[in-house]
Amino acid sequence: MSSDLAQAGAGASASSEERGAAPQARGAAESVIADPNAALAAAEGREPLRAVVVGAGGMGRWWARVVAASAMTELVGIADLAEGMPAEAIAQSGVADPAAVATGADGVDLALEVGADLLINPTVPVAHHPVTVKALHAGIPVLGEKPVTETLSEALSLMAHAELTGVPFMVSQSRRFFPQVRELRRFVAAHGPSVMTSAFFSLFTEMEGYRRSQRHPLLRDMGIHAFDTARYVLDADPVAVTARGTRPDWSVYAHDASVTATFEMSDDSLFVYQGTWNARGLPTYWNSEWRIGAQHGSATWDGTGAPVLGTEDEEETASLNAALAQALETPEPDQIDASLIEFVTSLRAGRRPMCEVHENILSFAMVEAAVASVDRGERVEVDALLEEARAEAIAAEADPDARAILQGWSSVREAIASR
């Protein structure tokens, strides 16, 4: 473990102390990622944190390149069960000395062997739970890829293990780290409350592999991006959802890759998601197309350029859009580059990172609630689904201490709010 991290007091002990403090308000972490460029400047000259990437597939290779290129981190290891995959990932990572990067089959064992400061977990979802549990109990902070894990019950188990160990665990929600999304959040905060928000996603895609036979592939692969973005922009959480899916005859997917979902949010607004991998022509960007209607103004975003802001006052509208253009003028890291900056910065400061597992659970719950609504053909209340998942997690939990934590929550929603 680097001296820089040790001196900062980050890791399990710092996280445990933070958990004993007063509950952190939602959105309180925003200021620490408001300017990733400032975070990079503040970190200049500091010893990089040593990182191991577990999983050498497509996402693992992307993470390896980001870790290797970042001034905040040093790529010290890549692990994968498939022989030869780590070496291939290292070769394309851009590290100055590929021979200096260790390899292995078990990411946690490798991280312990090389003295890593953090583990990045872009393995397939089914591996998220066992890898993360092992890392947390080994005292290694984890930055995991979305989704948090394969099932909602396993996600709650990971929440309990994070509480048990006090070791930081963040889920990378890359869309949240676009500067345009941050500016939309600021606009809603100043011109809300919101009343109606919509996200429309349409991109003809015929993925190979497990997505073709997976149930609800679009919701599980793409939905969480829009759902987490909506929670962040609106500063609101899901209450209930009504969702429907369809599978056209020409689809290569065995299950629905076209879905609409209407969420009732905690601010009494509605969030409507429409997504498809089945329609040809006029594609959206991966970020979806957005429209937000609020009490004192509205905003649109095409998913890639600058949002367009509007109010009833022409002068205010002109001023808002001019200020927005200025705010977006300077390029800054986004997506997983910014996720990495946030995690490293939080470890050094000994604070809770944005997208920490407790804060991420409700984004994942939106996916699983929409899935349940499609399957059941009815409106699904999120709290009821969370409690169903908690009962399943308690029954499946092998660790008695983690099981006791799950049993001790007055409710999942209260457990989330108390952190």
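This briefing walks through the sheets, helices, pockets and cavities of one structure.

The model is predicted, so local features need pLDDT of at least 70, side-chain atom pairs count only at pLDDT 80 or more, and totals for chains, interfaces and linings use all residues. Residues are numbered from 1 along each chain as its sequence is written, and side-chain values use heavy atoms, with hydrogens and water left out.

**Confidence**
- The chain averages a pLDDT of 92; pLDDT is the predictor's confidence in each residue, from 0 to 100.
- A score of at least 70 is reached by 92% of the residues.
- Residues 6-33 stay under 50. The model has 55 contacts beyond four places in sequence for this stretch; contact means heavy atoms within 4.5 Å.
- Where pLDDT is low, the predicted coordinates should not be read in detail.

**The six-stranded sheet**
- Six strands form an open sheet with parallel pairing, in the order β3-β2-β1-β4-β5-β6.
- Strands (E, at least two residues) and helices (H or I, at least four) are DSSP runs, numbered from the N terminus. Two strands pair if DSSP finds at least two bridges between them.
- β3 (102-104) and β6 (169-172) are the edge strands, and each pairs on one side only.
- Neighbouring strands of this sheet are turned by 25° against each other on average, direction ignored. Axes are lines fitted to C-alpha atoms, for helices over the stretch in contact, and angles run from 0 to 180 degrees between N-to-C directions.
- Three bridges link β2 (residues 73-79) and β3 in the parallel sense. G77 stands opposite A102 in β3.
- Helix α4 (residues 58-69) packs on the sheet, and its direction makes about 155° with that of β2.

**The eight-stranded sheet**
- Another open sheet has eight strands and mixed pairing, in the order β13-β12-β11-β7-β10-β9-β8-β14.
- β13 (308-310) and β14 (380-381) each have a single partner strand, so one side of each is left without a neighbour in the sheet.
- β9 (residues 258-265) and β10 (residues 270-276) run antiparallel, joined by seven bridges. T260 has Q274 in β10 as its bridge partner.
- Helix α13 lies across β8, β9, β10 and β14, at about 50° to β8.

**Pockets and cavities**
- The search uses a 1 Å grid over the protein atoms alone. A cavity is a set of points where a 1.4 Å probe fits but cannot get out. A pocket is an open set with protein on both sides within 12 Å along at least five of seven lines. Lining residues have an atom within 4 Å of a point.
- Grid points are joined across faces, edges and corners, and a volume is the space filled by probe spheres set on the points.
- The largest pocket holds about 860 Å³. Its lining has 37 residues, with M59, P122, T123, V124 and E145 nearest the centre. Helix α7 gives the most, five residues.
- The second largest pocket has a volume of about 460 Å³. Its lining has 25 residues, and E150, T151, R220, F364 and E368 lie nearest the centre. Helix α13 gives the most, seven residues.
- Three cavities of 30 Å³ or more turn up in the whole structure.
- Residues lining the largest cavity include R175, H225 and W286. Helix α10 supplies the largest share of this lining, four residues.
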